[in-house]
Amino acid sequence: MDLSGRVAFITGAAQGIGKETALTLAQKGANIVAVDVNEDLLCKNTHEFESFGGEYLPLTMNVTIEQEVKESVAEAVHKFGKIDILVNNAGITRDSLILRMSEAAWDTVLSINLKGAFLCLKAVSRYMLKQRKGTIINLVSVVGLMGNPGQANYSASKAGLIGLTKTAARELAAKGITVNAVAPGYIDTEMTRALPEASRAKLEDLIPLKRLGNVRDVACAILFLASEEASYITGQVLNVNGGMYM
Ligand SMILES: NC(=O)c1ccc[n+]([C@@H]2O[C@H](COP(=O)([O-])OP(=O)(O)OC[C@H]3O[C@@H](n4cnc5c(N)ncnc54)[C@H](O)[C@@H]3O)[C@@H](O)[C@H]2O)c1
């Protein structure tokens with residue numbers, strides 16, 4: 001899979017799955033526009049991209065603020081002349097059972113995970129429409145498909161993002177733009193490292209492949225969907241979950 005000369009705009013790219021995706025796509029020759037609220041981490045990562053052929057443009061941006069999204073997208077297009085790949089990866093959790101969940105915890109998660117992806121998709125697809133080409137990949141989750149106690153806000157945001165993925169795929173297909181989702185299971189990142197050891201062991205037992213996933217497992221699925229080799233795939237949810245939900 002060769003991404004030489006292509007431009008990838010990746011949200012939440014400072015750490016975890018987003019950073020690994022940026023590195024994986026850069027390895028294949030893509031120019032990377034890495035956006036995140038965490039400016040320090042984004043800039044610290046710069047040297048890790050130096051050995052690849054493409055360029056690395058870190059931009060501080062909050063996915064929930066439309067003006068910031070529009071400005072970052074415009075800056076990326078100004079620098080590279082186009083955006084070929086959008087990865088809507090920025091996401092957070094604020095877990096608790098429904099009866100204890102505050103309105104603020106609901107709103108924050110829906111705003112970042114769902115509205116943020118909508119704003120980025122809207123801003124980037126405007127340019128992709130002119131190019132009549134592009135691919136968009138949204139990070140959803142196994143819990144958006146099967147539910148999970150304590151994650152009403154998070155699972156609703158990810159189920160909503162699956163709906164947005166399918167609608168955008170139908171709206172944009174005739175213009176040469178594909179839209180897909182990647183649904184990771186439990187992946188070993190900061191998000192899951194917060195779990196107590198006993199809960200991790202219980203989780204591993206539930207997974208047919210008997211291990212948590214790693215960021216590389218998810219980045220490789222995103223790389224495939226971003227590649228020319230996946231150009232006839234749209235509106236799909238690709239599960240990367242070790243078989244825990246089939
Ligand atoms: N880790 C898992 O097990 C897992 C499982 C399923 C799905 N996912 C999804 O994959 C994606 C990445 O997860 P991760 O584990 O790498 O998370 P992470 O917490 O390690 O990284 C998320 C990144 O998003 C950034 N971010 C948060 N709010 C933002 C905002 N408003 N604007 C811009 N950037 C913002 C953070 O600064 C951070 O760098 C998320 O959408 C998550 O829901 C993760």
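This is a predicted model: local features need pLDDT of at least 70, side-chain atom pairs count only at pLDDT 80 or more; totals for chains, interfaces and linings use all residues.
View 1. Val142 itself belongs to helix α5, which covers residues 142–146. Val142 counts as buried because 22 C-beta neighbours lie inside 10 Å, where 20 or more are needed for that label.

**View 2. Val142 and Val77.** These two valines are separated by 65 residues in sequence, and their C-alpha atoms are 33 Å apart in space.

**View 3. The shell around the ligand.** The ligand is surrounded by 28 residues, of which the closest are Gly12, Gly16, Gly91, Ile187 and Thr189. At least two residues of this shell come from each of the helices α1 (16–27), α4 (103–131) and α7 (190–193).

View 4. The chain contains nine helices and seven strands. Its radius of gyration is 17 Å, close to the 18 Å that the globule rule gives for 246 residues, and the chain is therefore as compact as a globular protein of that length. Taken along the principal axes, the C-alpha atoms fill a box of roughly 50 × 35 × 35 Å. Of the 246 residues in the chain, 45% are buried, and among contacts with a separation of 6 or more, 73% are between residues 24 or more positions apart.

Note on methods
Residues are numbered from 1 along each chain as its sequence is written. A residue is near a molecule or strand if its C-beta atom, placed from the backbone, lies within 6 Å of it. Helices (H or I, at least four residues) and strands (E, at least two) are DSSP runs, numbered from the N terminus. A residue is buried if 20 or more other C-beta atoms lie within 10 Å of its own, exposed if 12 or fewer, and partly exposed in between; C-beta atoms are placed from the backbone. The radius of gyration is taken over C-alpha atoms; the globule rule is 2.2 Å times the number of residues to the power 0.38. Two residues are in contact if their C-beta atoms, placed from the backbone, lie within 7 Å.
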